[in-house]
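Work through the following exercises with the sequence and the model in view. Each task is followed by a solution in steps.

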Amino acid sequence: MINLLVNMQLDSKSDEFVNAALPVLSKYGLTDDPDENQKYGKEKLEHVFESIESNSTDKTFIFDAECIENDEDYSDLALQIIDFSGHKGKIKKIKSSVNFEKEKAGLAMLIGDTNEKRIWWQSNDWISDEFIQFLSEILEKHFDQKIVNLPSTDQCIRILVVDTEEHAAINDLINYYTHGDSPRELYAARLVSSIVACITGAIVSTFIGWYFLGFLWSLLASVGLWSIIGVILILKYAWRCAQEEEAEAEAEKLRTEDPEAFGRAVAAAFVEEAANREGNSEMGKRLKKVAELNQAQLKSDRGE
C-alpha cells in the first residue's frame, strides 16, 4: 500500500513537470502529443522525454563533446553558439586558453563595454560543464536567453537556446527525468504515505477489533500497534535516505574529479543490471563475467 501511495504522489509530480514544459517543447518542435494514448505520470514523462531525444530541429545546436585540444577551441565554439543564438557580431573580442599540465582552461570576451571572464578545471579534451554554464550566464545577462542541455548520444552535446522565462520549465523536466527524485523528496513521499497507511490501518483495525475487544480497547491497541509500525517505517526510510544521499555525493565527486572514471562506473552499472535481468541464462553468465571485470577495474582505479 505504501509503494502504491508513493507512486501516486510521484506520478502527480511527473505530470506537473510535463504539463509545465509542453508549451515550450511544442514551440521548439521537440515533442509529440503525449495524450494520444491517455498517458499519465511516469508513462507520460517517459513518452515526452523520448520525443525530446528523437526529434531533430534546426533550433538545436550539436557539437562534439571531445573537441578541446588547442587554445582557440573554446573561443571558436563560443562564437558559434553566440552566432547560433542570433547575436552574430555582438562579440567585440574573444580569447580562450587551455593548459592540460596545470589542468586549467579559460575564456574571456568583450561584449559592448563589459568584460566577461571565467577559468575552470580542465584535465582532458571533454567540453567542461562550466563552459556551457558560463555561456548560459552571458546569454542571460546580455540577451535575456539561457542554454538548455538536451539529451544526446554518440559523445555529442546538444543544446537549445531559449528565452530566459522559458528555461525553467524544460530544464526542470530534463533534470527530473535524468536524476529522478532526490533522496529527501523520496523520503518525504514515503513519510506521507507511511502516515496515511498507518492511520488507515489503525482505523480498520479498530473496527475489526471492536467486535472482540470493545471500542476503547480496540482503539488503544490499534493506535499503539500502528504507532510502533509508523515509527519503524519512518526510521527505516530515514536510514535509506541517508545512505542514498551518501551514494549520490560520492557519485557527484567522481563525476567532477574524473569524468572518464565516472563514465566507466555508469557503464559498469548498466552491465550489472543487464546481467541481473538475464539471470542464469548463457547471456546472463557472460554479462556477469563482464560485470566482474568492470568491478575489478573500478577497484583498481580507486586504488583498492
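**Exercise 1**

Does Lys59 count as buried, partly exposed or exposed, and at what relative accessibility? The model is a predicted one.

Solution. Begin with the place in the chain: Lys59 is in the loop between H2 and strand S1 (60-64). Next, take the cut-offs: buried means under 20% relative accessible area, exposed means over 50%, and partly exposed lies in between. Lys59 has 40% relative accessibility, so Lys59 counts as partly exposed.

Continue with the surroundings. With neighbours within four places in sequence left aside, Lys59 contacts Lys27, Tyr28, Phe84, Ile159 and Leu160. As for Val161, its C-alpha atom is 7.8 Å from that of Lys59, although 102 residues separate the two along the chain.

**Exercise 2**

Classify Ser96 as buried or exposed, and list what Ser96 touches.

Solution. Locate the residue: Ser96 belongs to strand S2 (residues 91-99). Its relative accessibility is 7%, and therefore Ser96 counts as buried. Then list the contacts, not counting residues up to four places away in sequence: Ser96 touches Asp71, Glu72, Asp73, Tyr74, Ser75, Gly106 and Leu107.

**Exercise 3**

Describe how helix H2 packs on helix H5.

Solution. First, the geometry: H2 covers residues 41-54 and H5 covers residues 164-179, and their axes are 11 Å apart at an angle of about 110°. Angles of 65 to 115 degrees count as roughly perpendicular, so H2 and H5 are roughly perpendicular to each other. Their crossing is left-handed.

Second, the residues: H2 contributes Lys42, Leu45, Glu46, Val48, Phe49 and Ile52, which meet Leu173, Ile174, Tyr176, Tyr177 and Thr178 of H5. Sorted by class, this contact has 8 nonpolar, 1 polar and 2 charged residues.

**Exercise 4**

Solution. The crossing is right-handed.

For the contact itself, Tyr74, Leu77, Ala78, Ile81 and Ile82 of H3 meet Phe131, Leu135 and Leu139 of H4. By class, the contact has 8 nonpolar residues, no polar and no charged ones.

**Exercise 5**

Solution. Start from the general rule: most residues other than glycine have a negative phi. Glu103 is not a glycine, yet its phi is positive, near 60°. Glu103 sits in the loop between S2 and strand S3 (104-111). At 35% relative accessibility, Glu103 counts as partly exposed. Asp144, also not a glycine, has a positive phi of about 55°. Asp144 is placed in the loop between H4 and strand S5 (145-150).

**Exercise 6**

Summarise the protein chain: how many helices and strands are there, and what percentage of residues is buried?

Solution. Count the elements: the chain has 9 helices and 6 strands. Of its 304 residues, 36% are buried. The chain exposes about 18300 Å², and carbon and sulfur atoms supply 55% of that area. Last, consider contacts between residues at least 6 apart in sequence: 56% of these join residues at least 24 apart.

Note on methods. Residues are numbered from 1 along each chain as its sequence is written. This is a predicted model: local features need pLDDT of at least 70, side-chain atom pairs count only at pLDDT 80 or more; totals for chains, interfaces and linings use all residues. Side-chain values use heavy atoms; hydrogens and water are left out. Axes are lines fitted to C-alpha atoms, for helices over the stretch in contact, and angles run from 0 to 180 degrees between N-to-C directions. Helices (H or I, at least four residues) and strands (E, at least two) are DSSP runs, numbered from the N terminus. Angles under 35 degrees count as roughly parallel, over 145 as roughly antiparallel, 65 to 115 as roughly perpendicular and the rest as oblique. A crossing is left-handed if the near helix is turned anticlockwise from the far one by less than a right angle, and right-handed if clockwise. Contact means heavy atoms within 4.5 Å. Ala, Val, Leu, Ile, Met, Phe, Trp, Tyr, Cys and Pro count as nonpolar, Asp, Glu, Lys and Arg as charged, and the others, Gly among them, as polar. Buried means under 20% relative accessible area, exposed over 50%, partly exposed in between (1.4 Å probe, protein chains only). Accessible areas come from the Shrake-Rupley method with a 1.4 Å probe; for residues, only the protein chains shown count as cover.
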